[in-house]
Every structure is written in C-alpha cells, then in structure tokens.
Amino acid sequence: MPKLRVVDSITELGAGDEGCLAVSGSHGGLSSARYALAARPLLSVFNDAGVGKEQAGIAALDFLQARDLAACTVSHLSARIGEAQSTLDDGIVSHLNALALAQGVRVNERCHQAIDTLQSLQRKTP
C-alpha cells in the first residue's frame, strides 16, 4: 500500500517519497509541479487556487500528465490553501489529469474518499 504523505507544501517531498499518495496544501501551478516531478508520487493533490489567469492554478496537471504522473486539484472553495489537512479532510476534487482519472479519481469526489479508494485498490494489487 502506498504511503500517505500529508504536507502543507509540496516542497516537503523528497526522493524517499516516490510512489506515495501526496496530499498538499500547495497551489497546482508549475512551480509546485516541478517538486512533485522530483519526488514522483503515485498521485499528487494540490489546491486549484481559484484556477487563475490562463489556468495557472492547475498548470501542474498537464505538466505532470506529460511526465506520466497522476495529479488532481481540490477546489479553493472547499479547502484552505497551504493547509494539507484541510485538503484531505474538506477538499473536493475540482480538476484532474487523465492518469488520475484512470486511477479512479473523480471530479466532485471528496479528497479523502479518493485517497481511501486508491489505498484500498493498492492493497488488492499483488
């Protein structure tokens, strides 16, 4: 089963976190995506930060998809930016990339439910 990492900032992840489920309080911008890329979690969860100009708040999704990494965001209206526990407990998935969708993550799903589902699926995988 993949380890769950709940980090207020995605910058807290390191090489030892490869394959984890990373729930962060970070925005889903490109700068955050680069830290996720370095750590290579099974799934990265960010805050959409209101999406922003030219979708800057969710730019991590396409960036990580292009590098074979699943990612999603929770709505800034559902969870506090910068507080990973709020992301996990209160966050509602607002955007995701195709790899996250393939893992079973769904828009409008509660973050903790998505994480529970992924952990349960991983337990069943030999």
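Q: Buried means under 20% relative accessible area, and exposed means over 50%. In this predicted model, is glutamine 119 buried or exposed?
A: Glutamine 119 is found in helix 5. Its relative accessible area is 13%. The cut-off for burial is under 20%, so with 13% glutamine 119 counts as buried.

Q: Which residues does glutamine 119 touch, not counting residues up to four places away in sequence?
A: The residue sits in helix 5, and residues up to four places away in sequence are left out of the count. What remains for glutamine 119 is a set of contacts with Met1, Pro2, Leu4 and Leu21.

Q: In what order do the elements of the protein chain run from the N terminus on?
A: The protein chain has 5 helices and 5 strands. Read from the N terminus on, their order is β-β-α-β-α-β-α-β-α-α.

Q: What is the radius of gyration of the protein chain?
A: For 126 residues the globule rule gives 14 Å. The computed value is close to that, so the protein chain is as compact as a globular protein of that length. Along its principal axes the C-alpha trace spans about 45 × 25 × 25 Å. The radius of gyration itself is 13 Å.

Q: How many residues does the second, separate core have?
A: Val45, Val74, Ala79 and Ile115 are among the residues of this second core. Across the protein chain, buried residues make up 45% of the 126 residues.

Q: Which residues is isoleucine 10 in contact with, leaving aside its neighbours within four places in sequence?
A: Ile10 is one of the residues with the most contacts inside the largest nonpolar core. Beyond four places in sequence, the contacts of isoleucine 10 are Ala22, Ser24, Ser26, Ser32, Tyr35, Ala36 and Phe46.

Q: What is the phi of arginine 40?
A: Arginine 40 lies in the loop between helix 1 and strand 3 (43-47). With a relative accessible area of 32%, arginine 40 is partly exposed. Its phi is positive although the residue is not a glycine, at about 55 degrees.

Q: Is asparagine 108 buried or exposed?
A: Asparagine 108 lies in the loop between helix 4 and helix 5 (111-124). Its phi is near 75 degrees, a positive value in a residue other than glycine. Exposed requires over 50% relative accessible area, so at 65% asparagine 108 counts as exposed.

Q: What distance separates the C-alpha atoms of leucine 101 and cysteine 72?
A: Leucine 101 lies in helix 4 (residues 98-102) and is partly exposed at 42% relative accessibility. Leaving aside neighbours within four places in sequence, leucine 101 is in contact with Leu96 and Arg106. Leucine 101 and cysteine 72 are 29 residues apart along the chain, and their C-alpha atoms are separated by 8.9 Å.

Terms used: Residues are numbered from 1 along each chain as its sequence is written. This is a predicted model: local features need pLDDT of at least 70, side-chain atom pairs count only at pLDDT 80 or more; totals for chains, interfaces and linings use all residues. Side-chain values use heavy atoms; hydrogens and water are left out. Helices (H or I, at least four residues) and strands (E, at least two) are DSSP runs, numbered from the N terminus. The radius of gyration is taken over C-alpha atoms; the globule rule is 2.2 Å times the number of residues to the power 0.38. Buried means under 20% relative accessible area, exposed over 50%, partly exposed in between (1.4 Å probe, protein chains only). A nonpolar core is a set of buried Ala, Val, Leu, Ile, Met, Phe, Trp, Tyr and Cys residues joined through side-chain atoms within 4.5 Å. Contact means heavy atoms within 4.5 Å.
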